[in-house]
Amino acid sequence: MKTIHTHGGDIYAAAREGGRRLDQLVDFSASINPLGPSPKAIKAIQAAFPQILHYPDPHCLALREALADRWHLSPDRFVIGNGSSELIYLLPAVLAFRHALVVGPTFSEYERAVVAAGGRVTRIQAARQEQYQPSVENILEALHRRRSAIAALFLCNPNSPTGRALEAAEVLQIARLASAQGLWVIVDETFVDYCEEATVLPHIKRLPRLLVLRSFTKFYALPGLRIGYLAGAKAAIAALRDKQPPWSVNALAQEAARASLQDPRHVRRSLIFMEQERRRLVRDLQTLPGVTLFPSAANFLLIELPPEVRAGNCVQALRRQGLLIRDCSSVAGLNERTIRVAVRTPGQNRRLVAALRQWLKR
Ligand SMILES: Cc1ncc(COP(=O)(O)O)c(C=O)c1O
């Protein structure tokens with residue numbers, strides 16, 4: 001079957017294609033916390049199981065209250081979505097923007113969502129020679145030069161698939177200028193749990209045009225439950241909630257997300273693990289001849305393969321061994337040699353490096 005989206009994480013297609021069971025695959029293509037969900041989330045799912053007899057709370061109130069507690073903001077500053085993807089798709093229509101600036105190379109869904117709502121995007125691309133670190137200066141300049149039709153800015157921080165992060169102060173500098181110009185500023189912080197000091201979420205109070213997206217998919221490892229949220233000004237949040245399909249967030253997801261927020265121990269373990277394991281994986285990947293690595297603030301690494309090879313061939317070869325990695329050659333602004341791999345457990349990471357070494361030698 002032809003894939004319509006070029007994202008990682010489609011283990012079902014890979015299993016069908018290779019005649020494998022799901023547990024015979026190692027997924028480096030979707031960047032999920034390798035320690036899995038919080039044990040408290042698993043318990044909450046089990047305890048909430050009888051609730052599947054009922055519709056879920058359409059207001060997600062308990063979770064919004066838990067988020068309000070965590071961020072010291074009121075619950076009506078949060079809308080919960082069926083994954084942050086649902087919210088990305090609601091934004092252009094609900095906030096009525098037809099033309100958005102997107103800081104890339106980045107996640108393709110912002111552009112798809114804007115286009116699906118009948119609009120278009122202008123990209124501001126970070127350069128390879130800057131190791132894909134976004135230039136704040138270029139973004140500010142683009143905002144100064146912008147044409148009046150541009151009504152929103154999308155910034156992913158830390159960015160996927162490059163792994164590069166701006167500091168909170170830099171994001172705020174951009175958000176202040178964009179807000180002053182009347183743009184909506186959507187900061188996607190799906191991976192910010194790995195560098196929480198970069199979050200600008202608390203600033204939604206002072207910047208009414210700032211909207212911050214977060215997810216329970218990656219760090220909290222609940223991709224199959226589909227749950228994420230957006231924080232922002234009450235009026236914008238109310239408008240988004242109003243346009244959501246009813247009951248879009250299921251009961252098990254709401255309970256698992258709430259429990260995940262109450263497990264600081266799992267958070268600490270996950271951060272320490274990632275810090276060590278990312279360093280080790282970087283060191284091992286650096287021993288591969290001709291391979292370029294880019295610095296990452298998240299739980300994945302962007303890799304450029306040697307000049308004579310193509311990402312697609314590498315992805316296919318590893319897929320035949322049950323190792324799924326992300327082909328980034330179709331991401332606008334990245335070249336045909338670029339792949340992304342999630343940092344996983346030590347044994348899985350060693351398997352990945354060995355497979356890459358073998359393939360590069362062929
Ligand atoms: C940067 C970024 N934002 C948002 C999403 C959507 O995540 P979800 O809908 O699972 O919350 C993804 C998923 O890959 C992502 O990489």
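The largest nonpolar core of this predicted model holds 82 residues, and L210, F216, L285, L318, I325, I339 and V341 touch the most other members. Here a nonpolar core is a set of buried Ala, Val, Leu, Ile, Met, Phe, Trp, Tyr and Cys residues joined through side-chain atoms within 4.5 Å, where buried means under 20% relative accessible area (1.4 Å probe, protein chains only). Helix α7 (residues 168-180) contributes the most to this core, namely seven residues. Because domain 1 (11-36 + 264-361) and domain 2 (39-260) both give residues to the core, it lies between them; the bounds come from an automatic or database domain assignment.

Turning to the ligand, 14 residues surround it, and the closest are S85, D188, S215, T217 and K218; a residue counts as near if one of its heavy atoms lies within 4 Å. This shell divides into four nonpolar, seven polar and three charged residues. Its largest share, three residues, comes from helix α4 (residues 83-94); helices are DSSP runs (H or I, at least four residues) numbered from the N terminus.

Some polar contacts (pairs of N or O atoms within 3.5 Å) can be followed one by one. An N or O atom in the side chain of S85 is 2.5 Å from an oxygen atom of the ligand, and a polar backbone atom of S84 is 2.7 Å from an oxygen atom of the ligand. On the nitrogen side, a polar side-chain atom of T190 lies 3.3 Å from a ligand nitrogen atom. The protein buries 90% of the 390 Å² that the ligand exposes when taken alone (Shrake-Rupley method, 1.4 Å probe).

Residues are numbered from 1 along each chain as its sequence is written, and side-chain values use heavy atoms, leaving out hydrogens and water. As the model is predicted, local features need pLDDT of at least 70 and side-chain atom pairs count only at pLDDT 80 or more, while totals for chains, interfaces and linings use all residues.

How values were computed
A polar contact is a pair of N or O atoms within 3.5 Å; within protein, one must be able to donate a hydrogen and the other to accept it, and residues adjacent in sequence count only if both atoms are side-chain atoms. Helices (H or I, at least four residues) and strands (E, at least two) are DSSP runs, numbered from the N terminus. Ala, Val, Leu, Ile, Met, Phe, Trp, Tyr, Cys and Pro count as nonpolar, Asp, Glu, Lys and Arg as charged, and the others, Gly among them, as polar. Buried means under 20% relative accessible area, exposed over 50%, partly exposed in between (1.4 Å probe, protein chains only).
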